[in-house]
Amino acid sequence: RKGRSHFCLIPGGTSPWTNQLYESFFCGCIPVILSDEYEVAFQHVLDWPLFSIKWPEEAVGEALYDFLRSFTEEQLGKMKAE
């Protein structure tokens, strides 16, 4: 099912890393990181905002839904291509 989605939600977990983030890449969806504490790997090498979204935990709700719906097909394609 992830492979048919534009976005994959990546909630915070009990460890500083999560397999869900890497699974989202293999499934072809854009990861939406829903954790204030999670630090992505290789920040100094990879420009994470080009191919992922980091959203504040306290703002999860209708604002996130509206934000995700605002992406055009062209924007989604560019993010997925990165």
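Student: Across which strands does helix H1 lie, and at about what angle does helix H1 run to S1?
Tutor: In this predicted model, helix H1 covers residues 19-27 and lies across S1 and S2. Helix H2, residues 62-69, also packs on the sheet, where it touches S1, S2 and S3 and makes about 160° with the direction of S2. For helix H1, the strands are S1 and S2, and the angle to S1 is about 170°.

Student: In what order do the strands of the open sheet stand, and which are the edge strands?
Tutor: The open sheet has 3 strands with parallel pairing, in the order S1-S2-S3. S1 pairs with strand S2, residues 30-34, over 5 bridges in the parallel sense, and Pro11 stands opposite Leu34 in S2. An edge strand pairs on one side only, and this holds for S1 (7-11) and S3 (53-54).

Student: Is Ser24 buried or exposed?
Tutor: Ser24 is found in helix H1, and its contacts beyond four places in sequence are Cys8, Ile10, Cys29 and Pro31. Because its relative accessible area is 0%, which falls under the 20% cut-off, Ser24 is buried.

Student: Which cysteines does the disulfide join, and where in the chain are they?
Tutor: A disulfide is a covalent bond between the sulfur atoms of two cysteines. A search of the whole structure finds 1 disulfide, with an S to S distance of 1.7 Å and a left-handed link of -90° about the S-S bond. The pair connects distant parts of the chain, 21 residues apart, with one cysteine in strand S1 and the other in the loop between H1 and S2; these are, respectively, Cys8 and Cys29.

Student: How far from Cys27 is the nearest cysteine sulfur, and is Cys27 buried or partly exposed?
Tutor: Cys8 and Cys29 are both buried, while Cys27 is in no disulfide, and the nearest cysteine sulfur, that of Cys29, is 5.6 Å away.

Student: Which element gives the most to the largest nonpolar core?
Tutor: The largest nonpolar core has 11 residues, including Ile30, Val32, Leu34, Trp55 and Met79. Two or more residues come from each of S2, H2 and helix H3 (73-81). The element that gives the most, with 3 residues, is S2.

Terms used: Residues numbered from 1 in each chain as written. Predicted model: local features only at pLDDT ≥ 70, side-chain atom pairs only at ≥ 80, totals over all residues. Heavy atoms only, no water. Pairing = 2+ DSSP bridges. Helix = DSSP H or I, 4+ residues; strand = E, 2+ residues; numbered from the N terminus. Contact = heavy atoms within 4.5 Å. Axes fitted to C-alpha atoms, helices over the stretch in contact; angles between N-to-C directions. Buried < 20%, exposed > 50% of the residue type's maximum accessible area, 1.4 Å probe, protein only. Core = buried A, V, L, I, M, F, W, Y, C linked by side-chain atoms within 4.5 Å. Disulfide = S-S within 2.5 Å.
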